[in-house]
Amino acid sequence: MIIAWVLSLLMLLASLVNILERSVALELVALNTATDSGKKFIAAEKALLECEQHLENIAAINIACHIQSAGKNLWLISTKENPTIEILVSLDEKTKQVTRLNWRQEFK
């Protein structure tokens, strides 16, 4: 009877160790995914910022963004890579000042 009780405790401890190993592995995967997503989001924001800064000279922009007119002095700029971020900017023709009005992340 004592041997069965000791064996059941050992089995319980073994399953506990197994569950802990799986939890740690899942936590590492989640951490790596969050880090990679953050890096991609920062890269997309940098690409948008470059396009936004050179909006008055569209020919000088490297082709990292889609740019389309949204009306009088309004421009929609979006990234080509994932994550896709889209911003609406206003371009003052006199001062060449670009003002970001809003942004959104597109989910596909």
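Strands here are DSSP runs of E with at least two residues, helices are runs of H or I with at least four, and both are numbered from the N terminus. Two strands count as paired if DSSP finds at least two bridges between them.

A word on the model: it is predicted, so to speak of local features takes pLDDT of at least 70, side-chain atom pairs count only at pLDDT 80 or more, and totals for chains, interfaces and linings use all residues. Residues are numbered from 1 along each chain as its sequence is written, and side-chain values use heavy atoms, with hydrogens and water left out.

Let's start with the hairpin. Strands β3 (residues 84–91) and β4 (residues 98–106) run antiparallel and are joined by eight bridges. L91 sits opposite V98 of β4. Six residues lie between the two strands, and in this hairpin K96 takes a positive phi near 60°.

Now look for aromatic pairs, meaning Phe, Tyr or Trp rings (the six-membered one for Trp) with centres within 6.5 Å; planes under 30 degrees apart are stacked, over 60 edge-to-face, and the rest tilted. The whole structure holds one. Because F41 belongs to helix α1 and W103 to strand β4, the pair ties together parts 62 residues apart in sequence. F41 is partly exposed at 29% relative accessible area, and W103 is also partly exposed, at 48%. (Buried is under 20%, exposed over 50%, partly exposed in between, with a 1.4 Å probe and protein chains only.)

Back in helix α1 (residues 2–53) you'll find L16, partly exposed at 44% relative accessibility.
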